[in-house]
Each structure stands twice: as C-alpha cells, then as structure tokens.
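Subject: Structure handover and notes on its side chains

Dear colleague,

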Amino acid sequence: MNLFWIDVFRDREVDYQTFLTALTMAGTNSSYILDEDPYKVYEMLLRNFLNGKKSVILDSDFSSEELRTLGLRDSYLTQGKYFQMDLKQEYPTFNAIIKYLQDQSQNLEIEIYTSGTTGKPKSISQSLKNLTRAVQI
C-alpha cells in the first residue's frame with residue numbers, strides 16, 4: 001500500500017487509491033472550506049479544483065459573528081454548495097489529476113481571509129500557480 005497521507009495525531013493513513021476515489025466520486029461539495037482537519041481541507045480544496053471552483057478557506061477559529069461580518073451566515077456552506085458528477089473517467093489516475101493541476105494552475109484560485117491586526121477580515125486570492133511556483137516535482 002502506497003500511502004499518500006499520514007496523520008499520527010488523528011490516527012489516519014490514506015493510500016493513493018482511497019484518496020483518488022474520494023476526489024472523483026459524485027457528491028455534494030462546497031466552495032467554502034471550514035474544517036480543523038488538514039486532510040479534509042486538502043481533499044475539499046482538490047475537489048474544488050477538479051470542478052473548476054474557487055476555494056474560499058475560512059479560519060476554523062472564525063466565530064458566527066466574524067462569519068456574518070464577511071457576509072456569511074451560519075449557513076455559509078449552503079451559499080457555496082454544488083454537486084460534483086462522478087469524475088472517475090476524467091481522472092482515472094492520480095497522475096491525471098497532477099497533469100490537470102499543472103495545466104490549469106493559473107486559472108485555479110484559493111481565497112483566504114485575513115484580518116491583519118485589527119478590523120474586518122479582508123479577502124486575499126492567489127492562483128495555484130503563484131502558490132506553488134517554488135515546488136518542484
């Protein structure tokens with residue numbers, strides 16, 4: 001078994017095939033990502049990329065009040081919900097996903113909110129290409 005993800009703190013081991021299946025299966029996703037589990041954040045981020053959706057990563061420490069100041073209600077997840085069709089034909093291997101991410105890296109974006117030191121959090125967007133420019137395979 002070739003492991004893709006190991007998290008000793010959460011007692012999680014995920015192999016490449018299991019991860020590929022999780023990324024390509026049909027299901028409901030959200031452009032808004034709010035989770036304390038790094039694996040779930042990564043999985044949701046990649047699912048959004050495969051669907052050509054911008055990911056908005058929200059700090060898991062944001063309170064309901066902070067979410068409201070961003071224009072998001074407690075039901076923020078429903079605002080960014082969409083349904084993913086089965087993508088197993090489009091991405092039969094993990095290498096197919098890597099190629100897609102490389103080819104589309106300029107068009108895929110991640111948005112985060114930062115408050116700096118004070119005030120209302122502000123949106124910052126970056127393309128996958130900018131975020132990974134120093135990464136070498």
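How many residues does the largest nonpolar core have, and which of them have the most contacts inside it? Before I answer, please keep in mind that this is a predicted model. The largest nonpolar core has 22 residues, and those with the most contacts inside it are Phe19, Leu23, Phe49, Leu50, Ile97 and Leu101. Two or more residues of this core come from each of helix H1 (16-24), helix H2 (38-50) and helix H5 (94-104), and the largest share, six residues, is the contribution of H2. As general background, nonpolar side chains in soluble globular proteins tend to be buried together.

Leaving aside residues up to four places away in sequence, Phe49 touches Tyr100, Leu101, Leu108, Glu109, Ile110 and Leu128.

The next topic is charge. Side chains of opposite charge can pair when their charged atoms come close. A search of the whole structure finds seven salt bridges, and I describe some of them here.

Arg12 forms a salt bridge with Asp37, with the closest N and O atoms 2.7 Å apart. This pair links distant parts of the chain, for Arg12 is in strand S2 (residues 12-15) while Asp37 is in the loop between strand S4 (32-33) and H2, 25 residues apart. Asp37 is buried, with a relative accessible area of 7%.

Asp7 forms a salt bridge with Arg10, and here the closest N and O atoms are 3.2 Å apart. Asp7 counts as buried because its relative accessibility is 9%, whereas Arg10, with a relative accessible area of 38%, is partly exposed.

In helix H5, what separates Asp103 from Lys99? The two are four residues apart in that helix, and therefore about one helical turn lies between them. Their side chains meet in a salt bridge of 2.8 Å, N to O, and Lys99 is partly exposed, with a relative accessible area of 49%. Elsewhere, salt bridges that share partners join Asp7, Arg10, Arg12 and Asp37 into one network.

Finally, there are the aromatic rings, for which the count comes to 12 aromatic pairs. One of them is formed by Phe4 and Tyr16, an edge-to-face pair with 5.2 Å centre to centre and 70° between the planes. Because Phe4 lies in strand S1 (residues 3-7) and Tyr16 in helix H1, the pair ties together parts that are 12 residues apart in sequence. Tyr16 is partly exposed, with a relative accessible area of 36%.

The rings of Phe19 and Phe94 have their centres 5.9 Å apart and their planes at 50°, so this pair is tilted. Since Phe19 lies in helix H1 and Phe94 in helix H5, the pair ties together parts that are 75 residues apart in sequence. Both Phe19 and Phe94 are buried. Ring pairs link Phe4, Trp5, Tyr16, Phe19, Tyr39, Tyr42 and Phe94 into a cluster.

One further contact involves a charge and a ring: Lys53 lies over the face of Tyr82, at 4.9 Å from the ring centre.

With best wishes

Notes:
Residues numbered from 1 in each chain as written. Predicted model: local features only at pLDDT ≥ 70, side-chain atom pairs only at ≥ 80, totals over all residues. Heavy atoms only, no water. Core = buried A, V, L, I, M, F, W, Y, C linked by side-chain atoms within 4.5 Å. Buried < 20%, exposed > 50% of the residue type's maximum accessible area, 1.4 Å probe, protein only. Contact = heavy atoms within 4.5 Å. Salt bridge = Lys/Arg side-chain N within 4 Å of Asp/Glu carboxyl O. Phe/Tyr/Trp six-rings, centres within 6.5 Å; stacked < 30°, edge-to-face > 60°. Lys NZ or Arg CZ within 6 Å of the ring centre and 35° of its normal.
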